There are 2 protein chains.
Amino acid sequence: MDETEKLLLQVKDTSEIMLDLAYSSLIFSDREIADEVLLLADYVKELNSQLEEIVIERVSRDKDLNRAITYIRLSRAMEDIADSAEKIADVVLRDIKVHPVLAESILESGTSIAREVIAPGSVLAGTRLRETSLATDTGWFVIVVKRGQKWIIGPDGEAVLEPGDTIFARGPLESRGHLCRLCRGRTQQVQFVPDPSGEPDLRC
Amino acid sequence: MDETEKLLLQVKDTSEIMLDLAYSSLIFSDREIADEVLLLADYVKELNSQLEEIVIERVSRDKDLNRAITYIRLSRAMEDIADSAEKIADVVLRDIKVHPVLAESILESGTSIAREVIAPGSVLAGTRLRETSLATDTGWFVIVVKRGQKWIIGPDGEAVLEPGDTIFARGPLESRGHLCRLCRGRTQQVQFVPDPSGEPDLRC
């Protein structure tokens, strides 16, 4: 993978995470996450400028105009996604109250977003995310970790959660309660066993 | 949930699915999915017009201007997301070849997108999605189902997959091979057991 592709991928990942964060800020009326979205928007713009510089520099060398156009079109589309996330977060920052029914319904649509603090006794603390198999065993992906003043955006499988970390995760409503119990150390088994009735597990 | 909230939620869900589909069309150079993204863009615009009409009609009745502004701002931001997805799909429709390395790297970033056909012997055929626990047991969400000429966008837990359906799903790379085996009927156990070495399961 060359530098252009790495940058484009970073823009894609960041703009997608910004959307998740923007909806999180809306659901939890959380101004801090909304602020984070705005910072990420600047980061995306910065990445895109770097990318365009490299692409334009290479056009004269590689004579591959089509590829250059593709990359610039894609990076612009992704920057637009980042801008939209910024607009959603801006609703929170302007203190325009979102009706609780709307927040709840965003929460309940298809996939859900959760905010949890990792307890010292949680099986998720101190282990690499890959080794916990959280995503495959429960359907829940950690989208961002807040550790004090530090944000870990889109942690990969090597990331280790620490007690006291606040995580934002995206996953199926049916195992929401299970995620909560895992984070709070109320269960040690990561594997989610669905209720035979098919009812979603919502209690913690 | 009133009509406005239902519409806003539909706009949100559709624009998010459009993004997944746009990336799918890019990864698989699939013009049919790209076309579907364009149709969905029209649908989002239609939903948004309906929403704005209702919101404006209600302002004079409820005198709740803040709420109206919030809803219109949110629906516009979501329409922008839909527009961005359209621009990404447009890269495919203009036949600008995406470099295979780029397609591959999009595929390998954090979450992955898969396209699979449901075999007659698949354990996923004939059962409601909720009852298969696919999402919680493997981390894979079905984002769209193509059945002949019909598209089922964002199927819910009640949806039943049929043999011959093409599904597009989003999930963790580590269980990609397992999803493939499930769809092709090569394993009957939905539950994914990760390799103790932590290596992703990619073979089908």
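Which cysteine forms a disulfide with Cys180(A), and how far apart are their sulfur atoms?

**Before I start.** I am working with a predicted model, where local features need pLDDT of at least 70, side-chain atom pairs count only at pLDDT 80 or more, and totals for chains, interfaces and linings use all residues. Residues are numbered from 1 along each chain as its sequence is written, chains are lettered from A and ligands numbered from 1 in the order in which they are written, and side-chain values use heavy atoms, with hydrogens and water left out.

**Entry 1: the disulfide in chain A.** I looked up the partner of Cys180(A) and found Cys204(A), with the two sulfur atoms 2.1 Å apart. A disulfide here is a pair of cysteine sulfur atoms within 2.5 Å. I noted that this pair links distant parts of the chain: Cys180(A) sits in helix α7 (residues 176-183) of chain A, and Cys204(A) in the segment after α7, 24 residues apart. Helices (H or I, at least four residues) are DSSP runs, numbered from the N terminus. The torsion about the S-S bond is about -90°, so I wrote this disulfide down as left-handed.

Next I asked: are the two ends buried or exposed? Buried means under 20% relative accessible area, exposed over 50%, and partly exposed in between (1.4 Å probe, protein chains only). Cys180(A) is buried at 4%, while Cys204(A) is partly exposed at 34%.

**Entry 2: the disulfide in chain B.** I then turned to Cys180(B) and Cys204(B), which form a disulfide with their sulfur atoms 2.1 Å apart. The torsion about their S-S bond is -90°, and the link is left-handed. Cys180(B) is buried at 5%, and Cys204(B) is partly exposed at 33%. Over all chains, I count two disulfides.

**Entry 3: cysteines in no disulfide.** Cys183(A) is in no disulfide, and its nearest cysteine sulfur, that of Cys180(A), is 7.1 Å away. I found Cys183(A) buried, at 0% relative accessibility. Cys183(B) is also in no disulfide, with the sulfur of Cys180(B) the nearest, 7.1 Å away. Cys183(B) is buried too, with a relative accessible area of 0%.

**Entry 4: a charged patch.** Which residues gather in a patch of negative charge on the surface? I found Glu3(A), Glu46(A), Glu53(A) and Glu57(A). Helix α2 (residues 31-62) of chain A gives the most, with three residues. Glu53(A) has its place in that helix and is exposed, at 60%.

Technical notes. Patches are made of residues with over 30% relative accessible area and no salt bridge: like charges are joined within 9 Å, nonpolar side chains (Val, Leu, Ile, Met, Phe, Trp, Tyr) within 5 Å. Accessible areas come from the Shrake-Rupley method with a 1.4 Å probe; for residues, only the protein chains shown count as cover. A salt bridge is a side-chain nitrogen of Lys or Arg within 4 Å of a carboxyl oxygen of Asp or Glu. Lys and Arg count as positive and Asp and Glu as negative; His and the chain ends are not counted. The place of a charge is taken as NZ of Lys, CZ of Arg, CG of Asp or CD of Glu. Helices (H or I, at least four residues) and strands (E, at least two) are DSSP runs, numbered from the N terminus.
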